[in-house]
Amino acid sequence: MDPDPTTDAASLEHAEHAAYAEYAAYVEQSWPTLVRAAIFLGARPHEAEDVAQTTLVRCFTGWAKVSAADDRDAYVYRMLLNCLHDLRRTRWYRDRQHDDPQVLERATRAAGARGTDEAERIAIADAVHRALGSLSKPNRDVVVLRYFVQLSERQTAAVLGVAPGTVKSRLSRALARLAGDDHLLDLSGGTK
């Protein structure tokens with residue numbers, strides 16, 4: 001007896017609908033964290049959104065692999081790093097203007113018009129961004145993935161393709177550097 005083609009088609013349609021629903025739920029849950037991670041990894045906010053969107057598009061096209069991965073978060077953050085590396089290889093990225101002081105000053109003035117809490121929030125975010133920018137790329141990647149994204153040491157090692165011991169040593173060096181960073185000391189009122 002031949003299998004019923006209408007039953008097979010309905011089962012396939014149901015499975016596809018379930019996969020789309022699972023993907024949509026994942027996008028909704030992970031979008032803010034992916035954008036924030038890209039910003040902390042050195043992208044500007046609009047670039048971070050582009051990188052997160054590109055990552056999620058790649059997730060969609062390979063959703064079967066992503067959803068079957070042993071550690072989905074590690075898999076997706078590896079994709080995010082790859083997308084960010086792809087962006088940094090473009091001529092446009094290399095030729096772009098770096099942080100324009102006038103743009104930062106306008107943002108600070110606009111925040112001041114809204115209130116001191118907003119200005120303080122922007123000052124803190126700027127100090128953290130500058131402090132992270134002072135780290136080497138491998139150390140910044142480890143700090144962002146471990147503390148901002150909150151991946152475990154094992155997950156961070158999997159994302160970066162290094163041993164867990166390497167994650168620990170990079171983290172140790174990065175935290176020592178951040179502890180003496182002038183931008184962060186200014187916020188805390190500490191001294192070197």
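**Entry 1: α8 against α9**

I began with the pair α8 and α9, whose axes come within 9 Å and cross at roughly 135 degrees. The model I am reading is a predicted one.

I then listed the residues in the contact. From α8 they are Asp-141, Val-142, Leu-145 and Arg-146, and from α9 they are Glu-153, Thr-156, Val-159 and Leu-160. Sorted by class, the contact of α8 with α9 has four nonpolar residues, one polar and three charged.

**Entry 2: α4 against α9**

Next I looked up helix α4, residues 72-88, where it packs on helix α9, residues 153-160. The angle is about 40 degrees and the axes are 8 Å apart. The cut-off for roughly parallel is under 35 degrees, so α4 and α9 are also oblique to each other. I recorded a right-handed crossing for α4 passing α9.

On the α4 side I found Asp-73, Ala-74, Tyr-77, Arg-78 and Leu-81; on the α9 side, Gln-155, Ala-158, Val-159 and Leu-160. The class count for α4 with α9 is six nonpolar, one polar and two charged residues.

**Entry 3: α9 itself**

Which residues of α9 are buried? I noted Gln-155, Thr-156, Ala-157, Val-159 and Leu-160. Their cover includes α4, α8 and α10. Val-159 and Leu-160 had already come up in the contact with α8 and in the contact with α4. Just past the end of α9, I read a positive phi of about 70 degrees at Gly-161.

**Entry 4: the nonpolar core**

I turned to the largest nonpolar core, which has 41 residues. Within this core, Tyr-77, Leu-80 and Leu-145 have the most contacts. I listed the elements that give two or more residues to the core: α1 (5-40), α2 (45-61), α3 (63-68), α4, α7 (116-133), α8 (137-148), α9 and α10 (164-179). Which element gives the most? I found α4, with nine residues.

Tyr-77 is on the α4 side of the α4–α9 contact, and Leu-145 is on the α8 side of the α8–α9 contact. For Leu-80 I looked up the partners, leaving out residues up to four places away in sequence. Leu-80 touches Leu-34, Ala-37, Ala-38, Leu-41, Val-51, Ala-52 and Thr-55.

**Entry 5: Asp-126**

I checked Asp-126, which is found in helix α7. Is Asp-126 buried, exposed or partly exposed? I read 28% relative accessibility; buried would need under 20% and exposed over 50%, so Asp-126 counts as partly exposed.

**Entry 6: the whole chain**

Last, I took the totals. I have 11 helices and zero strands for the protein, and the pattern along the sequence reads α-α-α-α-α-α-α-α-α-α-α. Of the 192 residues, 30% count as buried. Taking the contacts with a separation of 6 or more, I noted that 66% are between residues 24 or more positions apart.

How values were computed:
Residues numbered from 1 in each chain as written. Predicted model: local features only at pLDDT ≥ 70, side-chain atom pairs only at ≥ 80, totals over all residues. Heavy atoms only, no water. Axes fitted to C-alpha atoms, helices over the stretch in contact; angles between N-to-C directions. Helix = DSSP H or I, 4+ residues; strand = E, 2+ residues; numbered from the N terminus. Parallel < 35°, antiparallel > 145°, perpendicular 65-115°, else oblique. Left-handed = near helix turned anticlockwise from the far one by under 90°. Contact = heavy atoms within 4.5 Å. Nonpolar A, V, L, I, M, F, W, Y, C, P; charged D, E, K, R; others polar. Core = buried A, V, L, I, M, F, W, Y, C linked by side-chain atoms within 4.5 Å. Buried < 20%, exposed > 50% of the residue type's maximum accessible area, 1.4 Å probe, protein only.
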